[in-house]
Amino acid sequence: MKVRVTRKAAAAIEVPIVTEYIKLEGLLKLANVVGSGGMAKNMILNGDAKVNGEVCLMRGKKLRPGDKVELLGNTYLVTEG
């Protein structure tokens with residue numbers, strides 16, 4: 001008997017913003033992914049964050065509604081707040 005195991009994709013965590021954009025470092029703090037700006041800086045510079053599927057090393061990367069950030073196995077979706 002064969003058993004097929006499938007992995008269900010987790011839903012993206014929505015992070016609403018009320019401005020035109022938010023910088024990547026700020027998004028990580030807003031979403032409580034990190035406890036400080038220093039932690040965010042280190043994770044980004046280590047290549048741990050992906051923006052729209054591509055590794056991003058820019059702390060000041062401008063994110064607008066519709067952008068997706070992947071970090072620590074979670075996906076964060078920037079939405080209009």
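Leucine 45 is part of helix α2, where helices (H or I, at least four residues) and strands (E, at least two) are DSSP runs numbered from the N terminus. This is a predicted model, in which local features need pLDDT of at least 70, side-chain atom pairs count only at pLDDT 80 or more, and totals for chains, interfaces and linings use all residues. Residues are numbered from 1 along each chain as its sequence is written, and side-chain values use heavy atoms, with hydrogens and water left out.

**Helix α2**

- The buried residues of α2 (residues 37–45) are Ala40, Met43 and Ile44; buried means under 20% relative accessible area, exposed over 50%, and partly exposed in between (1.4 Å probe, protein chains only).
- These residues lie on the same side of α2 because they cover an arc of only 95 degrees around the axis, the arc being that of the directions from the helix axis to the C-beta atoms.
- The cover over the buried residues of α2 includes α1 (24–30) and β6 (68–71), with contact meaning heavy atoms within 4.5 Å.
- Glycine 47, which follows α2, has a positive phi near 80 degrees.

**Leucine 45**

- Leucine 45 counts as partly exposed because its relative accessibility is 45%.

**Valine 78**

- Valine 78 belongs to strand β7 (residues 74–80) and counts as buried, at 1% relative accessibility.
- Beyond its neighbours within four places in sequence, valine 78 is in contact with Val15, Ile17, Leu27, Leu63, Arg64, Pro65, Gly66 and Asp67.
- The C-alpha atoms of valine 78 and glycine 66 are separated by 5.5 Å, although the two are 12 residues apart along the chain.
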